[in-house]
Amino acid sequence: MMNDIFPLPLCEQRNQLRKQMRAKRQALTLDEQRFAAQNIIPKSLELIEHYSAQHLAFYLPFNGEISPLPLIEKLRSVGKKIYLPVLHPFSSHQLLFLRFDDEADLSSNRFGILEPKLDVRKVLPISELEMIFVPLVACDIQGNRLGMGGGFYDRTLSQAKHLISVGLAHSCQQVDQLPIESWDMPLNHIIIGDCC
């Protein structure tokens with residue numbers, strides 16, 4: 001991450017780490033991905049129960065991110081309300097959260113990530129969300145998160161201090177210490193899914 005003689009600028013350290021970590025998670029086999037997705041369920045359920053949370057935001061997996069889909073299905077089966085992020089059509093780098101149900105019409109956004117088709121009737125004000133499960137490229141043992149670089153989740157967390165934030169990651173994505181910027185929002189919890 002650092003040149004032995006001349007330390008890399010922070011932005012270059014972060015970009016280099018993003019590249020390394022994305023390659024690591026994309027190298028996981030399908031079986032390893034599935035195992036990790038199941039592995040996060042018990043700890044996630046315990047955490048949700050601890051906070052008695054009913055309104056939960058998740059993400060749809062992209063580019064090797066650990067999949068929360070088995071967890072989402074389990075939560076829906078016990079009556080929890082699930083919401084997914086949608087790029088705000090008018091406010092740059094902002095997210096809206098829409099109720100996820102069986103009728104959800106999904107399409108790719110400008111980044112190629114699946115999201116529900118915008119329906120204002122299904123938008124939940126962020127003040128009513130209780131927990132948010134976020135994807136990440138890398139995390140550290142202090143609860144810091146490195147995302148893709150767009151700042152969408154950092155902005156969401158900075159505007160909604162009440163939200164309990166939970167990062168989901170493969171074990172290969174955790175490092176001892178991340179190079180962090182002033183705008184990075186630390187997470188309340190990180191749940192690691194072992195791959196085997």
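What covers the buried residues of helix H3 includes helix H2 (30–39), strand E1, helix H4, strand E6 (131–134), strand E9 (164–170) and strand E11 (189–193). Buried here means under 20% relative accessible area, exposed means over 50%, and partly exposed is in between, with a 1.4 Å probe and protein chains only. Helices (H or I, at least four residues) and strands (E, at least two) are DSSP runs, numbered from the N terminus.

Before I go on: this is a predicted model, where local features need pLDDT of at least 70 and side-chain atom pairs count only at pLDDT 80 or more, while totals for chains, interfaces and linings use all residues. Residues are numbered from 1 along each chain as its sequence is written, and side-chain values use heavy atoms, with hydrogens and water left out.

Back to H3. Its buried residues are Ile 41, Ser 44, Leu 47 and Ile 48. Seen down the axis of H3, they fall within an arc of 130 degrees, so they line one face of the helix; the arc is that of the directions from the helix axis to the C-beta atoms. On the face turned away from this buried side sit the exposed residues Pro 42, Glu 46, Glu 49 and His 50. Just after H3, Ser 52 has a positive phi of about 50 degrees.

Next, H4, residues 69–77. Leu 71, Ile 72 and Leu 75 are buried there. They cover an arc of only 100 degrees around the axis, which puts them on the same side of H4. These buried residues pack against helix H3 (41–51), strand E1 (55–57) and strand E2 (81–87), contact meaning heavy atoms within 4.5 Å. Just after H4, Gly 79 takes a positive phi, about 90 degrees.

How do the two helices meet? H3 and H4 pack at an angle of about 45 degrees, their axes 10 Å apart. Axes are lines fitted to C-alpha atoms, for helices over the stretch in contact, and angles run from 0 to 180 degrees between N-to-C directions. H3 and H4 are therefore oblique to each other: under 35 degrees counts as roughly parallel, over 145 as roughly antiparallel, 65 to 115 as roughly perpendicular, and the rest as oblique.

On the H3 side, Ile 41, Ser 44, Leu 45 and Ile 48 meet Pro 70, Leu 71, Lys 74 and Leu 75 of H4. The residues of this contact of H3 with H4 divide into six nonpolar, one polar and one charged. Ala, Val, Leu, Ile, Met, Phe, Trp, Tyr, Cys and Pro count as nonpolar, Asp, Glu, Lys and Arg as charged, and the others, Gly among them, as polar.
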